[in-house]
Amino acid sequence: MRTKLTKIPLQVQTICRGSGRFRCIARRATHAIADISVDSRNLDQGLDFASVLDEKLNNELPKWNSFQGASIYKVPDRLRLVEPKAYQPNIVSIGPYHHGATHLRAMEKTKRSCFHGFFNPSKPDQPNQINAILKELKQMEQQMRSCYSEDLEIESEPFLNMMLVDSCFIIQLLRETGETDFSKKSVPIQRWMLPVLQRDLIMLENQLPMFVLNKVYDLTSSSNTCEAKENLGLKELALQYFEPMIYKDLDTPKNGALAAMEEGDGRSHLLELFRASICPTEVSQSKFPVKEPHMFRSVSELKESGVKVKKAEKCQPLDVSFKRGILKIAPVNMDDHRFTLFRNMVAFEQCHYGCKPHVTAYVFFLDRLINSGEDIGLLHYSGVLQHTLGGNKSAAKLVNNLCKEVAGAADDSYLRDVLWKINCYCNDGLGARR
C-alpha cells in the first residue's frame, strides 16, 4: 500500500503568496510534494520522512540566492489584469520575456538591419570583433540569466545572440536620439515609431541588464558613427532619451540622481535608471510616527478645509510639500504614456525588495487627492494637472485605477510627513478659522 502527501505545508503556502520567481518556486514545491510517495512499510521501518522531503525540495527548487540577484521581473498577474496593455510591448521585444512574439516579429528585421549597420561591413576584422564581444558575453551568461526572475528556457547560443542584437539596437537608438534628420539615421525606423519605442523600452518585462549594455557600448565605441554623442556615457544617453516622458512638464533641469545609480551596478536596467533619476534623492527622517497616516481628503475636501493647492516651481517630478496651509505639487501631464511609465515603475517597486516605493507612494497620493471630475478640474485650475484622457470624470477614474491591486507604501513613504501635516492642519481647523 502506498500513500501520497496531499496537504501543502504552511511554509510552502507562504511562498505561494509571492510573485515573479516566487510563483515558480511555489509551483515546483507543489509538484515536488505531490510527487513524494512513501511506502507505508518503510514508514513502519522508521524512514525519516523529513529527510526525504528536504532532499526532494532541495533538488526541485531554485536556490534563494539566484532570486536575490533578480531585477527584471514578470509583472504579477493581479497588476497585469487591471491594464494588460501597459506591460505588453507594442512593436519591439527586448530580452527573453517577449522574444519571438508574433506581433513583434516585424521589428526583428529592423533590429537585424541595425545590427549589420552597427558593425561596418567594409572592415575585414568585423567578424573577429563580433566574436570577441560574444566571448565577453559568454563569460557573463550566468550573471545575465540571474537578472531575470523567471527560469529562461533558451539555449546558450540563441540567448547570447539575442542579447547582442538587442543591445546594439538600443545603443544605436540612444546614440541617435538628437538626430532629427531621418535620412541620417542608421536605425531604419519611421517617425511614428519613436514614441512607441520609447514606451516599449521603459516596460519592466522588456529590459536588458545595464552591465550588458555598458559592456557592448564600451566594446563598440570605436565603431560609433555618432561622433557628437561620443563624449556622453550610456547613462546620460538613456536619460536624455526618456526625459521627455516626464520632464516636459517641469521648468527645471533633470534631477541629479545619477549618483543614486552607482557606477558598475550590474543589477540595474533602463527602467530602474530612469526611476532613480526622478525619485527623491534625500528623504528626511520622519518627525512623526513611522507609518504613513490615512488621508481620505480629496482636493475638494481640502479646499473646504482651507487648504490651497498650488503648482510647485523649480521642482522635481515627485515633489510634494505642505506649509502654512499651502499644498504644492509638481505639475504633471497625464496621458497613456505617462500611465505606462507609472504602472511599470510601480510594478518594479512591488517586486524588487531593494528599492524604496517612492513612485508607489506618489500614485497613492494622487489617488487620495482625486475622487471625482471636480477634483481633476481643481487641479487643472491650479496648474498642477493636465491630461489627454477625455472628460474629467473619465480622467479621475483612470487615475484611481493606477492603485488598483497595488500594495500600499504606508510603512516606507517619503510623503508621510506631508500627510501628517495636512491631517493636523485640517483636524485642528486651522484653515477654517482663517
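**Close-up 1. An aromatic cluster of Tyr241, Phe242 and Phe274 in a predicted model.** Ring pairs join Tyr241, Phe242 and Phe274 into a cluster, where rings of Phe, Tyr and Trp (its six-membered ring) are taken to pair if their centres lie within 6.5 Å, with planes under 30 degrees apart counted as stacked, over 60 as edge-to-face and the rest as tilted. By this rule the count comes to six aromatic pairs, and one of them, formed by tyrosine 241 and phenylalanine 242, is edge-to-face, at 5.0 Å centre to centre and with 80 degrees between the planes. Tyrosine 241 is buried at 7% relative accessibility, and phenylalanine 242 is buried at 1%; buried means under 20% relative accessible area, exposed over 50% and partly exposed in between, computed with a 1.4 Å probe on protein chains only. This is a predicted model, in which local features need pLDDT of at least 70 and side-chain atom pairs count only at pLDDT 80 or more, while totals for chains, interfaces and linings use all residues. Residues are numbered from 1 along each chain as its sequence is written, and side-chain values use heavy atoms, with hydrogens and water left out.

**Close-up 2. The packing of helix 13 and helix 14.** Helix 13 (residues 234-242) packs against helix 14 (residues 270-278) at an angle of about 75 degrees, with the axes 10 Å apart; helices (H or I, at least four residues) and strands (E, at least two) are DSSP runs, numbered from the N terminus. Axes are lines fitted to C-alpha atoms, for helices over the stretch in contact, and angles run from 0 to 180 degrees between N-to-C directions. The two helices, helix 13 and helix 14, are therefore roughly perpendicular to each other, a term for angles of 65 to 115 degrees, whereas those under 35 count as roughly parallel, those over 145 as roughly antiparallel and the rest as oblique. Helix 13 contributes Lys235, Ala238, Leu239 and Phe242 to the contact, and helix 14 contributes Leu270, Leu273, Phe274 and Ser277, contact meaning heavy atoms within 4.5 Å.

Close-up 3. The three strands are arranged in the order 3-5-4 with mixed pairing, and two strands pair if DSSP finds at least two bridges between them. Strand 3 (308-311) and strand 4 (320-323) stand at the edges with a single partner strand each, so one side of each has no neighbour in the sheet. Strand 3 and strand 5 (residues 326-329) run parallel and are joined by four bridges, with isoleucine 326 in strand 5 as the bridge partner of lysine 308. Strand 4 and strand 5 pair in the antiparallel sense, also over four bridges, and phenylalanine 322 stands opposite leucine 327 in strand 5. Helix 20 (residues 416-427) lies across strand 4 and strand 5, and runs at about 35 degrees to strand 4.

**Close-up 4. Two loop residues with positive phi.** Arginine 324 lies in the loop between strand 4 and strand 5, and its phi is near 55 degrees, a positive value in a residue other than glycine. At 68% relative accessibility, arginine 324 counts as exposed. Glutamate 405, in the loop between helix 19 (392-401) and helix 20, has a positive phi of about 70 degrees although it is not a glycine, and at 44% relative accessibility glutamate 405 counts as partly exposed.
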